[in-house]
Amino acid sequence: MSNTAQNLASAEKIRNNPKFRELVSKRTRFAWTLSAIVLVMYFGFIALIAFNKALLATPLGAGINTTVGFPLGVGVILSAVILTGIYVYRANGEFDELNRQIIEESR
Amino acid sequence: MRTTMTALAGALAAFGTLLATGTTALAAGADLGQAAQQATNWHAIVMFLIFVAGTLGITYWAAKRTKTAADFYAAGGGITGFQNGLAIAGDYMSAASFLGISALVYGSGYDGLIFSVGWLVGWPIILFLIAERLRNLGKYTFADVASYRLGRTPVRTFAATGALVVVIFYLIGQMVGAGQLIKLLFGMEYIYAVIIVGALMMIYVTFGGMVATTWVQIIKAGLLLSGATVIAFGVMYQFGFSFEQLFARAIEVHPKHQAIMSPGTLVSNPIDAVSLGIALMFGTAGLPHILMRFFTVPDAREARKSVFYATGFIGYFYILTFIIGFGAICLVATNPAYLDAVKGGLNLRGGNNMAAIHLAHAIGGDLFLGFISAVAFATILAVVSGLTLAGASAISHDLYASVFMHGKTTEGKEVTVSRYASLGLGVIAVLLGIVFEKQNVAFIVALTFSVAASANFPVLVMSMFWSGLTTRGAVIGGTIGLVTSVVLVVLSKAVWVQSFGYAEPIFPYAYPAIFSMPAAFFFTWLFSVLDNSPRAAKERAAFEAQSIRSETGLGAEGAAAH
């Protein structure tokens, strides 16, 4: 398979391309940052359930039935969806463009 | 405490209540007349037959297009991100989450949201850390990725075992749930229900492979999302699209009143709260049938898109189930026609998992009830088909082709083995469904997610991110995670006390993941750093080449063909 040989040559060029390092460090930092946000949000929510149920039971205002827990829970769900959207937007735009250049320059 | 555990178990899997229902129907002779009435649910049967006819037609079409191994395992890599997003949602949204979460909300209000949130937050993690690397490194199974630079035989054997354990446990849960549900909805004998589910999934997978499975999942997702939307819309319509009015009425009629607006007794112990959270979040990222879906798209770009669509659909669905649960409190609990007169209280005719089904009747009458019943059946079929295909690929692609034949086999033979494996898994699933009919299988979902989080997830994530990982570390650490999670579930109350009949559980918590997942990571790390073999040195050195492929997609399967 000459394809493999060609890939090896390309891999060598990619390794030495500063853009590759840039792509990996940028995307990795971005991915772990977003992961940390999700983890903090979710385990924060779990911690409230475990340790401070009273806060979640507080009504949003006088005479209102909705409690603090509802916007928080639904908020975690919506934030998860929005964060995936943000990641895909940047990864499929900025990062993929950088990736395309790296592959292009490796040929 | 006992009630708490039962509520928790029932909520998790929906099976606890379903099983209780079965027993109640037998015990209470007065109920038999009503049960017989449910037997002639012709709307449901006709609509289900339409679904079966349609999906068999698709299977026929898919079978003609399924020629190569890539077609069989990965639909030729020709599924778009949007289609795959729907299929992932169809693979993931089980009848247990539809009926189980709405039943939990119906019974205790806010607690249902805890599960919805937990089952959703795994998805961003899959996207940020796993999806694109998985797509770039693998071909058909997650074992491809775990064994990319490690010893093929040991790592594939471990990964395939982890996959099969998850698949078989998950199948038991789905089959028992399916049998009970269909008995209830269609008035069919349990054993026939289980056989029909088993036979249909074998036909889809054996003949249509991933193409048919994908389309069954897409259609099911469309049906379930639109059905749930109509129910939720019907509920909100009656309350002037105001959550305040909906909540006010629910607080008024529910026997727990104000307590339904905040977390109750569901998660009382902080250790279990966190442990359940870990299992739900990271277990999702270790489910073989979910991971396999990422190989059906052409590249990393579409893989990312599919997670975004899937997360959107699943999040939307969980919010709907929440509205449905509250709707059931307001519209079902207040109507004696839906209540179990013998058991009294909030208990529903047919068990509390019927909350969403009765609500469908309250909103749209017999026809809509039939539709939702058929959708629930279709939901189970889609999930078991995905599981069967994932199990069959672990057997044929990982164990047969790589481990036993050392790669010296043809694609055609591998696919043939895969088809036989699907048939075998179908037979096993039916037999296990029959064996476990009378067992309390509520612990199964906890076990499945805990094993996935403790065995598959740590090895997968470390193989992608940590250059120091060696074969020895992966196999020993992963096996420790697998064994620890299974043993701790067996020693916990759900099995040790409720199935084996001992007085006290040896493991005091309900979920093992808080212990078993860190144990897997720790021992994987420990046995990797202690590994001074020449092979380990080669494996560490191979990480850089792997990371070039995983980050850029250079040389990724399928990408070159386009």
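Modeller: Let's start with one pair: the side chains of A:Glu12 and A:Arg15 meet in a salt bridge, 3.1 Å from N to O.

Modeller: A word on the background: this is a predicted model, in which local features need pLDDT of at least 70 and side-chain atom pairs count only at pLDDT 80 or more, while totals for chains, interfaces and linings use all residues. Residues are numbered from 1 along each chain as its sequence is written, chains are lettered from A and ligands numbered from 1 in the order in which they are written, and side-chain values use heavy atoms, leaving out hydrogens and water.

Colleague: Why is the pair A:Glu12 and A:Arg15 called a salt bridge?

Modeller: The rule asks for a side-chain nitrogen of Lys or Arg within 4 Å of a carboxyl oxygen of Asp or Glu. A:Glu12 and A:Arg15 have N and O 3.1 Å apart, so the pair passes.

Colleague: Where do A:Glu12 and A:Arg15 lie?

Modeller: Both are in helix H1 of chain A, 3 residues apart, about one turn of the helix. Helices here are DSSP runs (H or I, at least four residues), numbered from the N terminus.

Colleague: What makes A:Glu12 partly exposed?

Modeller: Buried means under 20% relative accessible area, exposed over 50%, and partly exposed in between (1.4 Å probe, protein chains only). A:Glu12 has 39%, so it counts as partly exposed. A:Arg15, with 24%, is also partly exposed.

Colleague: How do you know that A:Arg27 is buried?

Modeller: Its relative accessible area is 0%, so A:Arg27 falls under the 20% limit. B:Glu551 has 7% and is therefore buried too.

Colleague: What makes A:Arg27 and B:Glu551 a salt bridge?

Modeller: Their closest N and O atoms are 2.8 Å apart, and this pair crosses between chains, from helix H24 (residues 543-552) of chain B to helix H2 of chain A. A:Arg27 also forms a salt bridge with B:Glu132, at 3.3 Å. A:Arg27 and B:Glu551 belong to a network of salt bridges, whose members also include A:Asp96 and B:Arg301.

Colleague: How many residues of chain A are in contact with chain B?

Modeller: 50 residues of chain A are in contact with 54 residues of chain B, where contact means heavy atoms within 4.5 Å.

Technical notes: Helix = DSSP H or I, 4+ residues; strand = E, 2+ residues; numbered from the N terminus.
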